[in-house]
Amino acid sequence: MQNTIHIGLIREEKHPHDNRVAFTPKQCQWILHHFPQVRLYVQPSPRRCFTDEEYKNAGIPLLEDLSGCSILLGIKEVPVEQLLAGKTYLFFSHTKKKQPHNQRMLQTILQKNITLIDYECLVHPDGQRILGFGFFAGIVGAHNGLLAFGEKTKSFHFKRVHTCHDFQELIGHYFGIKLPPMKIVITGSGRVAAGALEIMGLLGIKYLPPEEYLVNSYAYPVYTQLKAGELYLKKEDKTYSRADFHAHPETYECRFLPYVTASDILMNGIYWDHNIPPLFHADDLKKDNFRIQVIADITDDTNGSIPCNLGDSTIENPVYGVTRDTMEQTAPYLPNTIDMMCVSNLPNELPRDASQYFGDQLMKYVFEELLNPDSTMIQNATIASKGRLTAAFAYLEDYAKGL
């Protein structure tokens, strides 16, 4: 006889409140059907993209007190006062890089003998991350970038994504919209870029190889995509190796500059850390041939790969302007400025679809492993086990001690 496993979906309490969830009502039904030993409960929430009523109608009990559950699933960090002692939590903890704002949370997790499994650390055997919201960040970011260009040039108008019930409604909005000639450059080849490419396809924007894109003009909208191997080459021998680039990014140079003179919109989906050269420099903005008018910095690193990213914008006010000569923030859509779209929580604009996509990956690749006490995948993603840092995350010791 298998022991019953009680699992709870917690309410998102971190500010600003997140509206996504690990499993949709239908996904909960699927789990209960395929794993008879599992019981699922949902903590009521007024903000979740799927209503309490939808879970109730799907036969999933609403429960305020989840202390009877052994496993608790959220999305964002859990405020310290909400953490229940002795439980196993899964969420994006943002602690593995010793992020200062989550130090107290990790300390509390250790004090309360909590086991923390971080979604970000769940990987396939080849090291590829299993879970993430990048695809929907790419979809919303590309839409918002185009929206900004339409407002700036007064040539077309897009509705705001968060006013749509779901992705299907957004797709319907695209019917019949005729876009003016424009040139769009998309960087990256991961989930974010895949989301941006989805929007290109839905709008019928034509792909061009980089070499054609750079030299020709077109009477209709076009885009090109630059993967890391086309953006970065080794200074010495002009070659690219993914492993070497991630190990020694400072030995590479960025080859993006020609595209600033040939593009109207940049949609940035490239991975960045502080050793990787930026796509261009602040001084480049001052040049007369800097053509880009709108930058959707979907990966959103402040002062990162895009030097004129001056900080996050919000879902409510997604775009701000940047002056070319002094790089100061200003109102959006002014002449001779760069308009920046730097929203850090883009998937929250399409939370129902983003949650469904996330839950699908969680069900396919993680859920069975979660119920297996000997799962290597789960062990490798466990930052703390019953109040102690695991061997793989022992480097967080000083951070956890507050040093």
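This is a predicted model: local features need pLDDT of at least 70, side-chain atom pairs count only at pLDDT 80 or more; totals for chains, interfaces and linings use all residues.

Me: Which residues is Gln225 in contact with, leaving aside its neighbours within four places in sequence?

Reply: Among them are Ile186, Ala193, Leu197, Tyr207 and Pro210. Gly188 is also in contact with Gln225, and the backbone oxygen of Gly188 lies 2.9 Å from a polar atom of the Gln225 side chain.

Me: How should I read Phe175, and where is its place?

Reply: Exposed means over 50% relative accessibility. Phe175 reaches 65%, so it counts as exposed. Its place is in the loop between helix H5 (167-173) and strand S6 (183-187). From Phe175 to Leu203 there are 28 residues in sequence, while their C-alpha atoms are 8.4 Å apart in space.

Me: Which residues of helix H3 are buried?

Reply: In helix H3 (residues 103-111), the buried residues are Met105, Leu106, Thr108, Ile109 and Leu110. What covers them includes strand S4 (88-91), strand S5 (115-118) and strand S16 (382-385), together with strand S17 (388-389) and helix H13 (397-400). Asn113 follows H3 and has a positive phi, near 55°.

Me: Let us turn to aromatic rings. How many aromatic pairs are there?

Reply: Rings pair if their centres lie within 6.5 Å. The count comes to 25 aromatic pairs. One of them joins Phe136 and Tyr357, with 5.8 Å from centre to centre and 75° between the planes, an edge-to-face pair. This pair links distant parts of the chain: Phe136 is in helix H4 (residues 134-153) and Tyr357 is in helix H11 (residues 351-370), 221 residues apart. Phe136 counts as buried because its relative accessibility is 6%, whereas Tyr357, at 22%, counts as partly exposed.

Me: Which residues do ring pairs link into a cluster?

Reply: The cluster consists of Phe23, Trp30, Phe35 and Phe367.

Me: A charge may also sit over a ring. Over the ring of which residue does the charged end of Lys183 sit?

Reply: The charged end of Lys183 is placed over the ring of Tyr213, at 4.7 Å from the ring's centre. In another case, Arg20 lies over the face of Phe133, 4.2 Å from the ring centre.

Me: Finally, how much space lies in the largest pocket?

Reply: Rolling a probe the size of a water molecule over the atoms shows where empty space is left. In this model, the largest pocket holds about 2,200 Å³ of space. Its lining has 45 residues, and those closest to the pocket's centre are Lys97, Glu120, Arg129, Tyr271 and Thr299. The elements that give two or more residues to this lining are H4, helix H6 (191-202) and helix H9 (242-247). The largest share, 3 residues, comes from H9.

Terms used. Residues are numbered from 1 along each chain as its sequence is written. Side-chain values use heavy atoms; hydrogens and water are left out. A polar contact is a pair of N or O atoms within 3.5 Å; within protein, one must be able to donate a hydrogen and the other to accept it, and residues adjacent in sequence count only if both atoms are side-chain atoms. Contact means heavy atoms within 4.5 Å. Helices (H or I, at least four residues) and strands (E, at least two) are DSSP runs, numbered from the N terminus. Buried means under 20% relative accessible area, exposed over 50%, partly exposed in between (1.4 Å probe, protein chains only). Rings of Phe, Tyr and Trp (its six-membered ring) pair if their centres lie within 6.5 Å; planes under 30 degrees apart count as stacked, over 60 as edge-to-face and the rest as tilted. A charge sits over a ring if NZ of Lys or CZ of Arg is within 6 Å of the ring centre and within 35 degrees of the ring normal. On a 1 Å grid over the protein atoms alone, a cavity is a set of points where a 1.4 Å probe fits but cannot get out, and a pocket is an open set with protein on both sides within 12 Å along at least five of seven lines; lining residues have an atom within 4 Å of a point. Grid points are joined across faces, edges and corners, and a volume is the space filled by probe spheres set on the points.
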